[in-house]
Amino acid sequence: MFKNLMLTTMLAVALVTGGDAAQGQGLSEMLVLEGDPLNGVAGTFTDLGLVRLNNNGQVAFDGTLTGGSFGRGLFRAESGAPLVTYVRSGDSTSNGTFGNFLISSLNNVGQISFSADLLGTSGGANDNRGYYIASAGTL
């Protein structure tokens, strides 16, 4: 079955199955929409960025939540399941805290790879970027 991902101009992540997504064909399911809350966290999504799709219909994406203290993070959405948070800005690493992210890939077991700008590192500009693999809740 053909699967494709669409990021619409109204800031939404939708899963399209069957047909030709470029022609607007297929059944779509809205997974995340601007203004949606994140389970149990104050604030709503105001920016949805780069997305990755795996063969199991899971979608990983970066997003920003405003109206609370959450900020920016990397998330996973899938049909019929609550949103999953991988990592968020301000989370600690072994050498500082996460600043900004760029998601690289999402594999079929739900792990992501991403690069991140790091803040407060011991080496300053010499060690302020890293590459990571994360599972939901585990870095």
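A polar contact, for today, is a pair of N or O atoms within 3.5 Å; within protein, one must be able to donate a hydrogen and the other to accept it, and residues adjacent in sequence count only if both atoms are side-chain atoms. Hold on to that one, we'll want it for Asn54.

Okay, ground rules. This is a predicted model, where local features need pLDDT of at least 70 and side-chain atom pairs count only at pLDDT 80 or more, while totals for chains, interfaces and linings use all residues. Residues are numbered from 1 along each chain as its sequence is written, and side-chain values use heavy atoms, with hydrogens and water left out.

So, confidence. pLDDT is the predictor's confidence in each residue, running from 0 to 100. The protein averages 81, and 78% of its residues reach 70 or more. When I say strand, I mean a DSSP run of E, at least two residues, numbered from the N terminus; helices are runs of H or I, at least four residues. Strand β11 (residues 112-119) has the highest confidence, at 94, and strand β1 (residues 3-8) the lowest, with a mean of 44. Residues 1-11 are below 50 in pLDDT, and beyond near neighbours in sequence that stretch makes 42 contacts in the model; contact here means heavy atoms within 4.5 Å. Where pLDDT is low, the predicted coordinates should not be read in detail.

Now back to Asn54. What does the side chain of Asn54 reach? Its partner is the side chain of Gln58, in a polar contact of 2.7 Å. A polar atom of the Asn54 side chain also lies 2.9 Å from the backbone nitrogen of Asn56. Asn54 sits in the loop between β5 and β6, and at 4% relative accessibility Asn54 counts as buried. The cut-offs: buried is under 20% relative accessible area, exposed is over 50%, and partly exposed is in between, using a 1.4 Å probe and protein chains only. Leaving aside residues up to four places away in sequence, Asn54 touches Leu106, Asn107, Asn108 and Gly110.

Next, the strands around β7. Two strands pair if DSSP finds at least two bridges between them. β6 and β7 run antiparallel, with seven bridges joining them, and Ala60 has Arg76 in β7 as its bridge partner. Six of the seven residues of β7 are buried, so β7 is largely enclosed by the rest of the structure.

That brings me to charges. Side chains of opposite charge can pair when their charged atoms come close. I'm calling it a salt bridge if a side-chain nitrogen of Lys or Arg is within 4 Å of a carboxyl oxygen of Asp or Glu. How many salt bridges does that rule give? Five.

Let's look at Arg72. The Arg72 side chain meets Asp47 in a salt bridge at 3.2 Å, N to O. Arg72 lies in strand β7 and Asp47 in strand β5 (residues 41-53), so this pair ties together parts that are 25 residues apart in sequence. Arg72 also forms a salt bridge with Asp62, where the closest N and O atoms are 2.1 Å apart. Asp62 is in strand β6 (residues 59-66), so this second pair links parts 10 residues apart in sequence. Buried or exposed, this Arg72 and Asp62 pair? Both are buried, with Arg72 at 18% relative accessible area. Asp47 counts as partly exposed, at 30%.

Further along, Arg76 and Glu78 meet in a salt bridge at 3.6 Å, N to O. Arg76 is buried at 12%, while Glu78 is partly exposed at 23%. As for shared partners, salt bridges join Asp47, Asp62 and Arg72 into one network.

Last stop, the open sheet. Four strands go in the order β9-β10-β11-β12, with antiparallel pairing. β9 (92-93) and β12 (129-134) are the edge strands, each pairing on one side only. β9 pairs with strand β10 (residues 96-106) over two bridges, in the antiparallel sense, and Thr93 stands opposite Gly96 in β10.
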